[in-house]
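Visitor: I am new to this structure. Please pick a single part and take me through it closely, then show me what lies around it.

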Amino acid sequence: MWSSLPSFVAVYPETLLVVVASVMALVDRWITRKAVFTWATIVTALLALALVFLTQGTTFGHAYAADQYGVFFKTIFLLVLFLVALLAPGYNQLLGINFGEFYALLMYAVTGMMLMASTRDLILLYLGLELMSLSVYVLVGLLYAELRSLEGAMKYFLLGSFASAFLLLAMAFLYGLTGTTNIEAIAKALLAANLSANKALFLSAALFVVAFAFKVALVPFHMWSPDAYEGAPTSVTAFMSVGPKAAGFAAMGRVFLIALAAAKTEWTQLLVPLAVLTMFTGAVLAVVQTNIKRLLAYSSITHAGYAVLGIIAGTKEGMAATMLYLFLYAFMNIGAFSVIVLMRRRNFLGENIFDYQGLSKTHPTVALLLLIFLFSLTGIPPTAGFIGKFFVFRAAFEAGHTALVILAVLASAIAAYPYLRIVMLMYMKPPEKEVEISLNPYIFAGLMFAVTGVLLFGVYPGPVIDFARACCTGFLP
Amino acid sequence: MEVALRTAEFPLLSAIIWLPVIGAIILLLLPRRDRLIRWFSLVVALADFALTLPLFSWFDKDFAGMQFVEKHAWIKAWHISYFLGVDGISVLFVLLSALVTVLCILISWEAVTEKVKEFHIALLLTSAAMMGVFCSLDLFLFYLFWEAMLIPMYLIIGIWGGPNRLYATIKFFLYTLVGSVLMLVGIIFLYLKAGTFNILEIMQLGLPYQFQFWLFWAFFAAFAVKVPMWPVHTWLPDAHTEAPTAGSVILAGILIKMGAYGFLRFSLSFFPVAAKAMMVPMLLLSVIAIIYGGIICLAQTDLKRLIAYSSVSHMGFVTLGIFSLEGNAVEGAILQMINHGIVTGALFMCVGVVYERTHTRAIKDYGGLATVMPIYAAFFMVFTLASIGLPGTNGFIGEFLILLGTFASKRWAAVLGALGVIIGATYMLRLYQQVFYQEVNPKVAGLPDVKMREVLALVPMLILVLLIGCYPTPFLGFMHASVRALLEHVHQAAGTTLPISEILKEGLHVVLPS
């Protein structure tokens, strides 16, 4: 009788996360030592990571596949979960949001992302996306006593709902054309039917572009992101600047490179102008920001613009480049956010960039760490940021997008200024006020982990490059 | 033409590059005791300099290929290797970098009093990156060092510089970054064409002219900013002027040589056909730099700014020599790079010496220093004359060889370039007269003469000025074989050139799909 049930091996990691998250959300009331939740999250993240590497196969009638492509993205998500669990406790305690639900919601969001990365069916992709988005909407509004937190959550929710609607519409068109929601079956049907000039196919591709552009914040669909980033608790901002973005790219890879491979020219010609616009707008608007969370929001818009180059390239190499980029971006961006978290005191936001003035004098080690993260975001060797940029530029160049790469490098030169400005304030101006930092063992461990990643993968990226390539081998022909 | 390799038994170049890095890491862990930090850095720099001496004595001058080669696989996924080696073109720069580092620590002994630890860490890291640039035979490794150097240099100018340092340092960083990223596009292209980052293999690539043309300009963007060539020189006066003395010395001594070195190592050997075709525009830009830089110098009222602009003029001679593509001129250009590093470095040190005492750089605040500081005046005199290119000093040998070679290949360029020598004499002698002669300015009356530490820093420079000036043979001997091989490679390269209009049309076609 049991043999007639499908094998659930492929979803073991996701099951683990959901179970632990649900238990944590339930028992929060009776547990006063909130450190338990932090530890539970860290241990679960590591266990799930091990399971991700151990499990293989498909389930639910081939709608869900624990394949290599998914493994890489799940590694990114769990890495993000791990780093955020380390940076969150001190900060959350300060703001009174260090409860089980916070970690539970993080885990639900990660589960959603994992579904998006491993799905082979559009419906499941939509479910994963909604699970992720709803969890993150709540996380953004967690500080509901603060107006900006509410505002951010509201904007994110409203615009995100539109994006979801676009996604559903795009799927509907595709279903109408092919009669299936299975990604591989769609690809085959589109190729067989020779629909390359079909208006509905173009419309579907355009709607997919819009929906994903919302999720990864490509200009002009980025409007929600600076407000949501600024309003959200910083621990959540750190999470959403990498996690949902990477999940969006994972889904883009599945949809554009596999399902819509037949419509490649269509979605490429839509994505190219978006990428250019994103890189330049993000870079230019970051220049004028004085709130560091907003600044990093625009910077993360620019970085999404670089990461999308790999998708535009449309090759195996390009997908590997985007994956590597997101992996490395997790280290440097969460590292930078960890420093911002350090600055927060009870009555002091520590979000204005002038709060960082003279930090090298008062807290030389913290300043040095932020310096390394910022130069990595700028893309200066020998940091990981350079390796990531090099790989995406190379892949896009190889695919023949010469002009795009030239524009991208010029945008990266403009994008350098905001980061340099913070370095300048930290190192080249005298301190104006007494700044205290709130260091705890968790965040210290997180910072060390992140900085090690940034420097190690900056000089020795070989193994991760091989890993990213290997993960794409089975995914794309 | 294959480039021969001679593998090193002992990883000497690695030791030279990584010793300062290790020193910097240890410095990070040392307590904040300024004396300890200074002495430790000095010992590291001296040890590094001592390590470079075997290069000088073991270098085989008759061997045109790469020597002291080390090669290990590094990032296999992209065929990147850790590939080091020096030839006659680069070996002298490694020596000069090590020497300049030692001198920079000496002259910063009292000038830098804030964040001493950070300063010395930045200095040692800069030094390591500089030597890495000159030793790399892998394009990726080269770019890594080339860009990595920006970080410590940005901090050196921005933290320990003068009043207007923030503007200067951002300008420096952004100018260099824009140039570098364009080169990065060129590097990616070369890599995709050649399938390797190995510089020696890319040399053999023999790309068609339309590729060479675009790549030449992509690399030009990076190198011209570093040199700096007219019209992208405007970051240099600001950076030089605002940088602390050690920063100015590194900028003048090594950093801007990296651009000229890049032209020799990459532009000429990778894109020989384009280099030959672009000879006239390059010579024209060089001549403009020589004359324009010289004339601007006449109008300067700030000591450091004047010397900074004189760098533009002197580096114009260097690019003139390189792009005249003639044996003597190229050797002269390499020698002139070394000379300029020594002389301008020394002049910045000299300015640093009085700046520490008076805290002003305005020429009008000085006067009659020859009676107040006679020993100092003597040092300054020698360096001034070397900068002008008086026979008997190193400047003469370099400029003479450059003009000699250029005369043989493009007569008009040599004639116009020679004008620069006259302008050079005018502004340098005028500077010397205003600062050292005339009546003693009350602001400088009673200043103490140079100290032992300062003399120690200046004497090696003085010796080199006179040694190269009177007996340049050993130094030129390093270059002969390598320069001859390089020029042979350039002149043998065959390829049909196309009119620019056609290339632009074709380029537009590639860039704009359909």
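Guide: Start at the hairpin of β2(B) and β3(B), where four residues sit between the strands and H79(B) takes a positive phi near 55°. Keep in mind that this is a predicted model.

Take the two strands. β2 of chain B covers 66-75, and β3 covers 80-86. They pair in the antiparallel sense, over six bridges. Now look at how β3(B) is covered. Six of its seven residues are buried, so β3(B) is mostly covered under the cut-off of 20 or more other C-beta atoms within 10 Å. As a rule, side chains in a regular strand alternate between the two faces of the sheet.

Back to H79(B). This residue is found in the loop between β2 and β3 of chain B. Its phi is positive, yet H79(B) is not a glycine. Is H79(B) buried, exposed or partly exposed? Count the neighbours. H79(B) has 16 other C-beta atoms within 10 Å. Buried needs 20 or more, and exposed needs 12 or fewer. H79(B) therefore counts as partly exposed.

K115(B) has a positive phi of about 50°, and K115(B) is not a glycine either. Find K115(B) in the loop between α3 (91-107) and α4 (116-135) of chain B. With 18 other C-beta atoms within 10 Å, K115(B) is partly exposed.

Next, the cis peptide bonds. One joins W230(B) and P231(B), with omega about 5°. P231(B) has its place in the loop between α9 (209-226) and α10 (235-242) of chain B. Chain A has a cis peptide bond between P381(A) and P382(A), again with omega about 5°. P382(A) lies in the loop between α15 (364-378) and α16 (384-398) of chain A.

Last, see where the chains meet. On chain B, 28 residues are in contact with 26 residues of chain A. Four elements of chain B give two or more residues each to this side: α5 (139-148), α6 (150-160), α7 (165-194) and α22 (500-511). α7(B) gives the most, with 14 residues. Sorted by class, this side of chain B has 24 nonpolar residues, one polar and three charged.

Methods
Residues are numbered from 1 along each chain as its sequence is written. Chains are lettered from A and ligands numbered from 1 in the order in which they are written. This is a predicted model: local features need pLDDT of at least 70, side-chain atom pairs count only at pLDDT 80 or more; totals for chains, interfaces and linings use all residues. Two residues are in contact if their C-beta atoms, placed from the backbone, lie within 7 Å. Ala, Val, Leu, Ile, Met, Phe, Trp, Tyr, Cys and Pro count as nonpolar, Asp, Glu, Lys and Arg as charged, and the others, Gly among them, as polar. Two strands pair if DSSP finds at least two bridges between them.
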